[in-house]
Amino acid sequence: MCDALDGRHPDVPQPDMRAETAVLEAVIAFDNLARSPIMEERSSLTKSQADALLGLAVIGKMNMTQISKHLAVSREQATRAVAPLVERGLVRKERDPNNRRVVEVSLTEAGRRELDRGRDLILQNLSEKLSALGDGDRDRLERASREVVDVLRRRDLR
């Protein structure tokens, strides 16, 4: 019988994936913590659109193939996510001067402002949720989060 969560057969020896499993669980927990139905209602962006904006802010100019890889979706889905961002003036599309067939997408100043607004919404949402924690748990969560970020930055694991 396979484990319903991961599809692995319990009788077959598996590699030690404790760290990977813990990181995946942390990513899911943090993602769920940072998002909520209330936040989704306040934001005018879909998750893919927000992730595209964030990727452009961190990575810089990308073509549609790079955006699709960043979002882990097809080029068609990436195009559907980016089109409303172009219409709203949050990103701009330009032809690559070295290869006119390639369209590059970059963040506009309006896109940066939208990201700042989204960051403020996430912080407000987190503040509301974390206010339910006692000081000790809140301090432990802060220390653990800083430690995770420190480990990942030291090893440049992106």
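Colleague: How many Å does α5 reach from its first C-alpha to its last?

Modeller: Keep in mind that this is a predicted model. Helix α5 has 13 residues. At 1.5 Å a residue, the expected span is 18 Å, and the helix comes close to that. Its reach from first C-alpha to last is 18 Å.

Colleague: Which residues of α5 are buried?

Modeller: Buried here means under 20% relative accessible area. The buried residues of α5 pack against α3, α4, β2 and β3. They are Ala78, Ala81, Val82 and Leu85.

Colleague: Are α4 and α5 roughly parallel or roughly perpendicular to each other?

Modeller: The axes of α4 (residues 64-71) and α5 (residues 75-87) come within 8 Å. They cross at roughly 95°. Angles of 65 to 115 degrees count as roughly perpendicular. α4 and α5 are therefore roughly perpendicular.

Colleague: How do the residues of the contact of α4 with α5 divide into nonpolar, polar and charged?

Modeller: α4 brings Met64, Thr65, Ile67, Ser68 and Leu71 to the contact. α5 answers with Arg75, Ala78, Thr79, Ala81 and Val82. The division is six nonpolar, three polar and one charged.

Colleague: And α3 with α5: at what angle do they pack?

Modeller: Helix α3 covers residues 47-59, and its axis lies 9 Å from that of α5. The pair is roughly perpendicular. The angle is about 75°.

Colleague: Which residues of α5 meet α3?

Modeller: From α3 come Ser48, Gln49, Ala52 and Leu53. The contact holds five nonpolar residues, two polar and no charged. On the α5 side, the residues are Ala81, Pro84 and Leu85.

Colleague: Which residue in β3 stands opposite Asp96?

Modeller: β2 and β3 run antiparallel, joined by six bridges. Opposite Asp96 stands Asn99.

Colleague: What is the relative accessible area of Ser106?

Modeller: Ser106 is found in strand β3 (residues 99-107). Beyond its neighbours up to four places away in sequence, Ser106 touches Leu56, Lys61, Leu90, Val91, Arg92 and Glu94. Ser106 is buried, with a relative accessible area of 10%.

Conventions. Residues are numbered from 1 along each chain as its sequence is written. This is a predicted model: local features need pLDDT of at least 70, side-chain atom pairs count only at pLDDT 80 or more; totals for chains, interfaces and linings use all residues. Side-chain values use heavy atoms; hydrogens and water are left out. Axes are lines fitted to C-alpha atoms, for helices over the stretch in contact, and angles run from 0 to 180 degrees between N-to-C directions. Helices (H or I, at least four residues) and strands (E, at least two) are DSSP runs, numbered from the N terminus. Angles under 35 degrees count as roughly parallel, over 145 as roughly antiparallel, 65 to 115 as roughly perpendicular and the rest as oblique. Contact means heavy atoms within 4.5 Å. Ala, Val, Leu, Ile, Met, Phe, Trp, Tyr, Cys and Pro count as nonpolar, Asp, Glu, Lys and Arg as charged, and the others, Gly among them, as polar. Buried means under 20% relative accessible area, exposed over 50%, partly exposed in between (1.4 Å probe, protein chains only). The expected span of a helix is 1.5 Å times one less than its number of residues. Two strands pair if DSSP finds at least two bridges between them.
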